[in-house]
Amino acid sequence: MLQTDSEFTKVRWVCTIIGLGLYLVDIVTDVGLAVKYILNGHLVWAGLTLLFVVVGSAATQVFSYSWYRDDMRNPLVNPVGDRLISGMNRGGLIGLHVMQMGIFTRYYHLLKAGYRAVWSKSPGTFEFPREVHLALFGRATDLSMLKLFETFLESVPQLLFQLYILLGHGHKSILQCICMVGSFINIAWAIVDYRRCLRRSLPQVLEMPSGLPTFVYLLYKLLTITTHILSLSLFLVLSPYSTLGMAVVWLAGTLWAHWVRTDFCTSKGLERLYRIIVGVVLISTFFNVKGQDTRWPMAVYYVLFALVNLSGPLLLVLVRPEANETEYFWPVTLLIFGGTVLGLACLLVYYTLCHPRGKSLQADEVDGHMGQEREPDTMLRMRNFLQL
């Protein structure tokens, strides 16, 4: 159904709490694991574990501040013109984001406004207008975008790195397993939450159906991303210089984003940062950055994706035959082969049978049109942002 009657519900408010909890758990376990590595004398592992946390957090803070600043300058969002947004001036916003508190500030304001809209109403009281609920979905979508940045800059590389330590060095601990499970759950939650928030926040777009379509979509993304991470971890076990190959893929993705002239940001400097992040995401999964029909680029991407997945175990056993005797090789190989086939099958099923379509939506097109009932800067972000 079209998003004409969407409301920010109590379930959505509770899901926001869950998302905040997962975000905190992911950060705390990563920092705890880094401390454990330091105590055990693995300083390089500790440094890289913390580096992923810092890079992911810093990038999201930059975008969060930029979006607050854009809203502050927009007379339609801030009609009073008092240089305040969400009760904060520019200096306060800078301080909060320097202290890495921008995401938590957004969670606070969303939960506070959402509580007033869905929990503080009594029977028979005035219902909040539709614009209020659309504004809440706009805030939720901004958060889901930032969480998606953090996921691909921190959770995905963290999972890859910890798998390399586990498979390549045989080092394992309970905290390391908790860290990997946390990263995996964070990836799953961020992907589905972003997808559903984006479609619900756009009033003229078909909502992503619950139930089977969401489950198939989640399987498609999780299976393709995790099998790719497993395969890349085998390349790292084969040789740490495999990171050069990943750097080439990142550079190609960044150049592609530059070539198609993405227009996600309001400044050239921030747009360059966005294109760098696009390159990082393309290492793990495909997405559309321009809202165009990308059937053929998507098909080419996943053909190459399958070849990389299948070549990881084959190269490892050919170059390092002793790997065949390790306890992890065959379970990981079966997961990669089976997960790749099942993930691509879910991709075909989803886009063939489950993907919501309207008159203007194509197979992998950005789910959005300009509307008249939303904050312009938020709408622009959603219209130009990626579709996973």
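This is a predicted model: local features need pLDDT of at least 70, side-chain atom pairs count only at pLDDT 80 or more; totals for chains, interfaces and linings use all residues.
## Overall fold

The protein chain contains 12 helices and zero strands. Written out in sequence order, its pattern is α-α-α-α-α-α-α-α-α-α-α-α.

Of the 388 residues in the protein chain, 53% are buried. The accessible surface comes to about 17500 Å², and carbon and sulfur atoms account for 71% of that area. Contacts can also be sorted by how far apart the two residues lie in sequence. Among contacts between residues at least 6 apart, 76% join residues at least 24 apart.

## The nonpolar cores

In soluble globular proteins, nonpolar side chains tend to be buried together. In this model the largest nonpolar core has 87 residues. The residues with the most contacts inside this core are F8, F63, F149, Y220, Y274, Y302 and Y328. Helix 5 gives the most to the core, with 18 residues. The core also draws on two domains, taking at least three residues from each of domain 1 (1–208) and domain 2 (209–356 + 363–370 + 379–387).

Leaving aside neighbours within four places in sequence, F63 is in contact with L146, F149, F264, C265, L270, L273, Y274 and I277. A second, separate core has five residues, including Y65, Y68, M72 and L93.

## Helix 9

Helix 9 covers residues 268–284, which makes 17 residues. At 1.5 Å a residue, these should span 24 Å, and the end C-alpha atoms are 25 Å apart, so the two values agree.

The buried residues of helix 9 are L270, E271, Y274, R275, I277, V278, G279, V281, L282, I283 and S284. This list can be read with the geometry of a helix in mind. An α-helix has 3.6 residues a turn, so residues three or four places apart point the same way. Among the buried residues of helix 9, L270, Y274 and I277 are also in contact with F63.

## Salt bridges

The structure holds seven salt bridges. One of them joins the side chains of D70 and R69, with an N to O distance of 3.9 Å. Both D70 and R69 are buried.

Another salt bridge pairs K172 with E327, where the closest N and O atoms are 3.9 Å apart. This pair links distant parts of the chain, 155 residues apart. K172 is in the loop between helix 5 (130–169) and helix 6 (174–201), while E327 is in the loop between helix 10 (295–319) and helix 11 (329–354). Both K172 and E327 are exposed. The side chains of R320 and E322 also meet in a salt bridge, at 3.4 Å from N to O. R320 counts as partly exposed because its relative accessibility is 28%. E322 is likewise partly exposed, at 46% relative accessibility.

## Positive phi angles in loops

Most residues other than glycine have a negative phi, and most peptide bonds are trans. Q100 is not a glycine, yet its phi is positive, near 65 degrees. Q100 sits in the loop between helix 3 (90–98) and helix 4 (102–118). With a relative accessible area of 30%, Q100 is partly exposed.

R261 is not a glycine and has a positive phi of about 60 degrees. R261 is placed in the loop between helix 8 (242–259) and helix 9. At 63% relative accessibility, R261 counts as exposed.

H228 lies in helix 7, which runs over residues 212–238. Its relative accessibility is 8%, so H228 counts as buried. Apart from neighbours within four places in sequence, H228 is in contact with I283, S284, F305, V308 and N309. Of these, I283 and S284 are among the buried residues of helix 9. H228 and G339 are 111 residues apart in sequence, and their C-alpha atoms are 9.3 Å apart in space.

S144 lies in helix 5. At 1% relative accessibility, S144 counts as buried. Not counting residues up to four places away in sequence, S144 touches D193, Y194 and C197. S144 and D193 are 49 residues apart along the chain, and their C-alpha atoms are separated by 6.5 Å.

How values were computed:
Residues are numbered from 1 along each chain as its sequence is written. Side-chain values use heavy atoms; hydrogens and water are left out. Helices (H or I, at least four residues) and strands (E, at least two) are DSSP runs, numbered from the N terminus. Buried means under 20% relative accessible area, exposed over 50%, partly exposed in between (1.4 Å probe, protein chains only). Contact means heavy atoms within 4.5 Å. Accessible areas come from the Shrake-Rupley method with a 1.4 Å probe; for residues, only the protein chains shown count as cover. A salt bridge is a side-chain nitrogen of Lys or Arg within 4 Å of a carboxyl oxygen of Asp or Glu. A nonpolar core is a set of buried Ala, Val, Leu, Ile, Met, Phe, Trp, Tyr and Cys residues joined through side-chain atoms within 4.5 Å. Domain bounds come from an automatic or database domain assignment. The expected span of a helix is 1.5 Å times one less than its number of residues.
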